[in-house]
2 protein chains.
Amino acid sequence: MFENKDNSHTSISNLGEFGLIDHLTKNFKIKQKSTVKGIGDDAAVISADSKKEIVVTTDLLLEGVHFDLSYVPLKHLGYKAVIVNLSDVYAMNAEPTQITVSIAVSNRFPVEALEILYAGVQTAAKIYNVDVVGGDTTSSTRGLLISITALGTVNKGEAIYRSGAKENDLLVVTGDLGGAYMGLQILEREKEVFKVNPNSKADLEPYAYLVERQLKPEARKDIPNLLKELGVKPTAMIDISDGLSSEILHICKNSKVGCNLYEDKIPLDPQVISACEEFNLDSTTIALSGGEDYELLFTISTEDFPKIKANPHLTVIGHITDEKEGIHLISRAGTKIPLIARGWNALKGDE
Amino acid sequence: MFENKDNSHTSISNLGEFGLIDHLTKNFKIKQKSTVKGIGDDAAVISADSKKEIVVTTDLLLEGVHFDLSYVPLKHLGYKAVIVNLSDVYAMNAEPTQITVSIAVSNRFPVEALEILYAGVQTAAKIYNVDVVGGDTTSSTRGLLISITALGTVNKGEAIYRSGAKENDLLVVTGDLGGAYMGLQILEREKEVFKVNPNSKADLEPYAYLVERQLKPEARKDIPNLLKELGVKPTAMIDISDGLSSEILHICKNSKVGCNLYEDKIPLDPQVISACEEFNLDSTTIALSGGEDYELLFTISTEDFPKIKANPHLTVIGHITDEKEGIHLISRAGTKIPLIARGWNALKGDE
């Protein structure tokens, strides 16, 4: 899982908690001018700007629940743990500025493994221009756990909530859906093959996009800026972490509206379609319930349609209706099917 | 561990992740006027004030590492998890304003158990006047984990760091030390007694203060205000979570100074002294290394001494020296003993 040519792994307890934090974060640079004090005190200190509002979001990732280290490289895991949180910040129409990173690790992880994990955190922090300003490091009785909190800023009054969708608004999604879930299927299959034949060489090339969507997702940092450039302010926005259907239900519930989603409009990558055929899965179901795509789902007023039309990043997939009309998928055959939440749910062991 | 008269426990998976968060936080009220949006969107939104700075701190608590549910009631655990974070906020001279609360639980915990845990969180939030604005809820493969992030505000430029101590400053501690650690010893002993004889009735009355210090600690919210009233601005401040010696070392390292700590000045409660005698432990060692007292340790200029003198909450325990003089405990016998970090360290399994 990590390279260590002389095989002399360092036990975490050699460094101790304080030594470990210092060691893992010593190369982290502060770049945000709002960061007054980063790691190294009881708390980080961040300057405030009364023209801005601050957004805060947090996510937990647990080994055995959210990731499987038999095929998730630690560097990718560190990267993804950051992305998952930043995606929530962008979904508020905000810019991420700082994160805290806490980890709990069992003593099966040497310091070198945590260095690789933190290299992934650092890479994401650099690319997305956020400062790592704090965290906690502790031992666990079993497995690895990462808890990240992200802070961001948005101009006062410009945060976009789940609750602003209005009847007749258009439902728009960025990118394409289902890739991360199919990437997971590919990796799970390769894991089983490897168990049977440890000499097998996986050819993941035909699935490169899917595997990347699963292992190294990106957050849509381009979208808040793109919308500003286009002069479009969404009426509601959410990120797609649990699956399209569950996010649509969130918007509808919070906005007290209904929705028609058109099956034939759901954007799918050709690799998703072919992998679904290979696995004998329905690609619509995967897009609706797969999750982990970290795309943004938002609603806009119909007046704004000409501004987003033909933009390759944005697809109109439905429209908002009166609450009484309910929430439906309109199938390719024209059938109206009630949409239910089947999003990936970390609390249900059977999914 | 919790009361449920009809024995009909609700499985967490019955509610699902979204249902669970809604259920657990439905009685939580928003009281801070800076909270624009609490739980229920991709992120919380908090208004900023350019006269203030924002502090952020985070802590992880794991079952089997930081707490033992065989004697820690879930309500106390929820309460303490909040306090641990608020203590860090006060140590910056800031007022806590918002927290996020994430939990990972195995399916051995019914919803009713989490309700009790959250009741503890809610009680602390109410007493300390903070809003619970977000969090994450997920399953774990084993045990219970709580990750809390606290936000607070401090007037611009008034945050107190670990790095400001100067030669000749006085070292001051609030309250008394060692109680939480001795409380833990009492509880661990009762657990062993109970294992041998499940019918034994523990008489914890003589140890009430110690047990309370361990199970239901408070953060020193009174101290930043008290110091303001007294007209004292500490030059450096830290909270005592790992033990007095490790916190002194943090201040000295960050401030590039030395320190003399006087053994006979260390404030000890009579219950700590008698419990130490009973357990044949050295009370100075316990105060130095016990940890979890959540008192504040700070340094003040000698000019400020008359202002704090005779205040029952504050004890001068030493003074800051030049870095070259090192960091020492001056024993009752007058011997100079180098101070080393023996603080409670969650990364070392053997402590």
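## Pairing of strands in chain B

Two strands are said to pair if DSSP finds at least two bridges between them. Helices (H or I, at least four residues) and strands (E, at least two) are DSSP runs, numbered from the N terminus. The structure is a predicted model, in which local features need pLDDT of at least 70 and side-chain atom pairs count only at pLDDT 80 or more, while totals for chains, interfaces and linings use all residues. Residues are numbered from 1 along each chain as its sequence is written.

Strands β10 (residues 258-262) and β12 (residues 314-321) of chain B run antiparallel and are joined by 4 bridges. B:Leu261 has B:Gly318 of β12(B) as its bridge partner.

## The sheet and its helix

In chain B, 7 strands form an open sheet with mixed pairing, in the order β9-β11-β8-β12-β10-β13-β14. Its edge strands, β9 (236-239) and β14 (336-338) of chain B, each pair on one side only. On average, neighbouring strands of this sheet are turned by 25° against each other, direction ignored.

Helix α7 (residues 244-255) of chain B packs on this sheet, and among the strands in contact with the helix (heavy atoms within 4.5 Å) are β8 (170-174) and β11 (296-300) of chain B. The direction of α7(B) makes about 145° with that of β9(B); axes are lines fitted to C-alpha atoms, for helices over the stretch in contact, and angles run from 0 to 180 degrees between N-to-C directions.

## Relation of the two chains

The same surface serves both copies, as 100% of the contact residues of chain B recur in chain A.

Key. Chains lettered and ligands numbered in written order. Heavy atoms only, no water.
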